[in-house]
Amino acid sequence: MKNKLKQFLELYFAFVKIGAFTFGGGLAMMPIMQRELIEKRGWVSEEELIDYFAIGQSTPGIIAVNVATFVGYKKLGWLGGIIGTLGVVTPSWVIIMLLAGAISSVDKYPLAQRALRGINVAVAALLTSVIVKFTKKTIKNFWNALFMLLAFALIYFFKVQSVWIILSSLIIGCLLTLYKQKKQKTSVSEKGDE
């Protein structure tokens, strides 16, 4: 029982740390999650984290909360999912409660505006780093690279909503998997006939 409590506390505070030191939303949490969950703790693999982010983006809700729920569930079951979720939202909740009255006056202070611009630049650099790492892991052949470039072009140049890209990717992925499975069954049955 004591060991289980220790695991729940470790899970909670890992996600508190992730939630507290992230600016810029769910995708900006990727570098911190990668460091905390993969490199430091070994709770998930890079492929699993990429999958969790993909599912988190395609389901309703905040990406970071969805990912925290998935990781918590994988680590400690349904209660772990709840604890991970609470951990990642705690810092935001506390900060919002403390700063609720001052938020409207931030626009009046040039120093605060410059600080926020600096944070945005740092977030962009972190996202670029994660994109490069994850691209190396997920782009395994010519077709993956082509599909990635096509998705980027549709979103960036043609302003196609990302939800349509995600749904299309899901359908194409399922169809390709079914095709490959059918092809394997055919080749296995042909070898068996020989």
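In the predicted model, the largest nonpolar core comprises 28 residues, of which F15, M33, L37, L49, V67 and V71 touch the most other members. A nonpolar core is here a set of buried Ala, Val, Leu, Ile, Met, Phe, Trp, Tyr and Cys residues joined through side-chain atoms within 4.5 Å. Two or more residues are contributed to this core by each of the helices α1 (2–20), α2 (30–40), α3 (46–58), α4 (63–99) and α5 (110–138), and the largest share, 9 residues, comes from α4. Helices are DSSP runs (H or I, at least four residues) numbered from the N terminus. In soluble globular proteins, nonpolar side chains tend to be buried together. Apart from its neighbours within four places in sequence, M33 is in contact (heavy atoms within 4.5 Å) with F15, I18, I38, L49, F53, A64 and V67.

The model is predicted, and local features require pLDDT of at least 70, side-chain atom pairs count only at pLDDT 80 or more, and totals for chains, interfaces and linings use all residues. Residues are numbered from 1 along each chain as its sequence is written, and side-chain values use heavy atoms, with hydrogens and water left out.

Helix α2 also holds Q34, which counts as buried at 3% relative accessibility. Buried denotes under 20% relative accessible area, exposed over 50%, and partly exposed the range in between (1.4 Å probe, protein chains only). When neighbours within four places in sequence are left aside, the contacts of Q34 are E39, E46, L49, V130, K133 and F134.

The count of salt bridges comes to 5, each defined by a side-chain nitrogen of Lys or Arg within 4 Å of a carboxyl oxygen of Asp or Glu. One of them joins the side chains of K17 and E36, at 2.8 Å from N to O. Because K17 lies in helix α1 and E36 in helix α2, this pair ties together parts that are 19 residues apart in sequence. K17 is partly exposed, at 33% relative accessibility, whereas E36 is buried, with a relative accessible area of 4%. E36 also forms a salt bridge with K40, with the closest N and O atoms 3.8 Å apart; these two residues are 4 residues apart in helix α2 and are thus separated by about one helical turn. K40 is exposed, at 52% relative accessible area. A further salt bridge links R41 to E36, the closest N and O atoms being 3.0 Å apart, and R41 is partly exposed at 23% relative accessibility. Through shared partners, salt bridges join E10, K17, E36, K40 and R41 into one network.

A search of the whole structure finds 6 aromatic pairs. Rings of Phe, Tyr and Trp (its six-membered ring) pair if their centres lie within 6.5 Å, and planes under 30 degrees apart count as stacked, over 60 as edge-to-face and the rest as tilted. F152 and Y156 form a stacked pair, 5.3 Å centre to centre with 10 degrees between the planes. The rings of Y156 and F157 are edge-to-face, since their centres are 5.0 Å apart and their planes at 90 degrees. F152, Y156 and F157 form one aromatic cluster.
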